[in-house]
Amino acid sequence: GRRHRRSARPAPGDVIVDLAVIGEWPADRGGSPSKYRIFAVISSPDVPAEVVEVDAFDPLGGKAEPANGFADKLAKVVGEAAKDAKALYVIPTDFLYPVDFAELRPTGGKRLGELVDVHVATSRQAYQFRAKEDRPSAGDGILLAGGLAYKDDGSVYLPGSRDEVEKIASLARGKRLAVQLAEGKDGTEAAMRAAADGKTILHFSTHGFFMRGQGLSARLMNAGFELSGARLSDEPTENDDDNVVYARELLSWNLRASQLVVISACDTALGDIGVTSTVRGLPLALSVAGARRTLLTVEQVSDAATVQFMARFYANLLDGGMSYADAFIKTKRDAWAGKIDGFPAALTSAYIL
């Protein structure tokens with residue numbers, strides 16, 4: 001028979017919290033679950049794993065998601081797990097992916113991210129590979145798309161997005177990364193699909209969107225982002241000519257070389273929950289396409305504020321010589337401490353790595 005494959009155990013100083021959402025059906029197993037229960041499996045070095053029930057809710061009784069007290073319950077469980085840790089790795093599932101675990105306040109005081117390094121991983125395998133190629137090197141390719149012209153005459157674009165990619169380009173060139181910058185009419189869907197192949201970092205600063213709808217979700221046409229000359233339609237189709245990248249279209253992009261994909265736009269981490277316990281939207285599509293890490297947003301974000309957040313993130317990553325994860329953690333802590341001009345600390349919960 002096949003040997004059992006042991007899951008990764010946490011290294012000294014690390015704690016892993018696997019979150020699970022379990023559906024309970026009535027006896028006839030028909031329709032949707034009558035109850036959902038949320039569990040945390042807490043793993044620490046050299047001790048047996050502990051299973052804790054976080055909450056339960058009844059979707060048929062009008063509660064489509066956990067009640068308002070859920071965040072406090074989750075904060076208490078996760079905070080207790082992390083109290084002696086140097087680094088906390090949370091592996092979420094289903095509707096828990098958009099939660100900013102670093103923002104949780106276990107005791108009502110400091111944020112969890114101020115007490116411990118908080119990382120979000122998609123699996124135990126991701127934890128195993130956490131230290132591999134986790135920062136860019138000289139010669140790595142970086143694709144930056146921003147200041148894109150949404151109208152043919154170039155009159156409509158996001159001013160902050162142009163400033164954003166130009167700031168990042170300057171930092172990247174200073175560290176001898178191979179920069180490809182797409183602005184104005186240059187960032188078409190076909191051009192960006194081709195340019196993405198082989199790049200270590202992809203950064204798209206633009207408009208993003210998420211649309212609810214069972215049919216759209218099933219086809220992965222429920223989320224995406226706009227590029228040069230974008231033409232949104234009420235009936236989305238897979239077509240490079242519309243210059244709108246839907247999640248489904250990303251499945252055919254080659255992102256296997258990508259260590260980081262940033263879609264610096266509104267609502268890019270959102271999606272519908274599917275039967276495979278994943279977020280059916282850009283997060284799922286980017287993962288299938290091969291991206292090792294993604295930096296996305298769970299809400300609408302300000303054009304001007306995002307420039308400052310992203311510029312600080314890349315300064316920490318490139319000038320600070322940090323890993324992707326450490327640069328992100330440092331950027332959030334800089335924001336919480338009021339050290340990023342033009343970026344209110346309350347906006348940090350929008351960004352998920």
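Which element gives the most to the lining of the largest pocket? In this predicted model, that element is H10, with 8 residues. Helix H10 spans residues 324-336, and turns up again below, in a helix pair with H9.

The pocket comes first. Besides H10, at least two lining residues each come from strands S4 (87-91), S5 (117-120), S15 (294-297) and S16 (351-352), and from helices H3 (124-128) and H8 (282-289). Sorted by class, the lining of the largest pocket has 30 nonpolar residues, along with 11 polar and 8 charged ones.

Now for the helix pair. Two packed helices are described by the angle between their axes and the distance between the axes. For H9 (residues 303-319) and H10, the axes come within 8 Å and cross at roughly 135°. The two helices therefore count as oblique to each other, and their crossing is right-handed. On the H9 side, the contact is made by Phe 309, Arg 312, Phe 313, Asn 316 and Leu 317. H10 answers with Tyr 324, Ala 327, Phe 328, Lys 330, Thr 331, Lys 332 and Asp 334. By class, this contact of H9 with H10 takes in 6 nonpolar, 2 polar and 4 charged residues.

Technical notes
Residues are numbered from 1 along each chain as its sequence is written. This is a predicted model: local features need pLDDT of at least 70, side-chain atom pairs count only at pLDDT 80 or more; totals for chains, interfaces and linings use all residues. Side-chain values use heavy atoms; hydrogens and water are left out. Axes are lines fitted to C-alpha atoms, for helices over the stretch in contact, and angles run from 0 to 180 degrees between N-to-C directions. Helices (H or I, at least four residues) and strands (E, at least two) are DSSP runs, numbered from the N terminus. Angles under 35 degrees count as roughly parallel, over 145 as roughly antiparallel, 65 to 115 as roughly perpendicular and the rest as oblique. A crossing is left-handed if the near helix is turned anticlockwise from the far one by less than a right angle, and right-handed if clockwise. Contact means heavy atoms within 4.5 Å. Ala, Val, Leu, Ile, Met, Phe, Trp, Tyr, Cys and Pro count as nonpolar, Asp, Glu, Lys and Arg as charged, and the others, Gly among them, as polar.
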